[in-house]
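Subject: Structure handover

Hello,

Please find the structure below. My notes on it follow.

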Amino acid sequence: MPYTLKIAHLYGDLMNTYGDIGNILVLNYYAKKMNVTLTSEIVSLNQSFDPKKFDLAFFGGGQDYEQVIVSKDIQSKKKDLTDFIEDNGPMLAICGGYQLLGQYYIGAAGERIEGINALPHYTKSQDHNRFIGDIVIKNAETNQTYHGFENHNGITFLGTSERPLGTVISGHGNNGQDKSEGAIYKNVFCSYFHGPILARNGELAKRLLLIALKRKYPDADLSKEESLIIKPTY
Ligand SMILES: NC(=O)CC[C@H](N)C(=O)O
């Protein structure tokens, strides 16, 4: 049976640091292998996000300038995005997008940029420093190693209902202090990885697609699609 999935590209015209849009190209690549037709639609300023219309959401990174603009607009989508997340909707959020799903982000100039508080993390700024460079982490559930490139001023601290996407092996991660990188809450995956993250970490792309498929087609036999996921070795 051919499957269809629709992905909302949140603020895709504004939040696209280091070609984060590449994550959608990678999702498309694996979707084809899973017999899935994936369509994507940008949901941006002054547009509503309908949680019933989308099976996946992607929110890329941005610089402080764009984040201030998006921070104001996204408040009107707060309820619908929160409903999607609480209803186990799968989402990938990178860097600036990750920060805006949380409580707030203190920008490099000290300004408070409100998030939507859908996830409980918060982000402060570092004085005259950025975390830049290659980063490697290990994900606890799958034992998989993820590779990426980070470039952020913000330092993020997770809430109790979140767990990190991975433990830092090399690089800085969320805050350079607690060895955590990114966040997982329900089916929301957050990370500081650009590169884009899914291009170098195909297993994560497949995991997101599979979550979306299982949620949309609960009665389907997805064993063939599942077999595309490389089982972790412990
Ligand atoms: N790359 C990004 O998305 C940057 C996010 C944010 N402006 C920071 O520097 O922390």
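How do the residues of the shell around the ligand divide into nonpolar, polar and charged? They come to 1 nonpolar, 10 polar and 1 charged; Ala, Val, Leu, Ile, Met, Phe, Trp, Tyr, Cys and Pro count as nonpolar, Asp, Glu, Lys and Arg as charged, and the others, Gly among them, as polar.

This is a predicted model, in which local features need pLDDT of at least 70, side-chain atom pairs count only at pLDDT 80 or more, and totals for chains, interfaces and linings use all residues. Residues are numbered from 1 along each chain as its sequence is written.

The ligand has T17, G61, G62, Q63, D64, Q67, C95, G96, N151, H152, N153 and G154 around it (C-beta atom, placed from the backbone, within 6 Å of the ligand). At least two residues of this shell come from helix 2 (64-74), and at least two from strand 9 (145-152).

The protein has 7 helices and 14 strands (DSSP runs numbered from the N terminus: H or I of at least four residues for helices, E of at least two for strands).

Helix 1 (residues 22-33) packs against helix 6 (residues 202-216) at about 70 degrees, with the axes 9 Å apart (axes are lines fitted to C-alpha atoms, for helices over the stretch in contact; angles run from 0 to 180 degrees between N-to-C directions). In this contact, V26, L27, Y30 and A31 of helix 1 meet G202, A205, K206, L208 and L209 of helix 6 (C-beta atoms, placed from the backbone, within 7 Å). By class, the contact has 7 nonpolar, 1 polar and 1 charged residues.

The C-alpha trace spans about 55 × 45 × 30 Å along its principal axes.

Regards

How values were computed. Contact = placed C-beta atoms within 7 Å.
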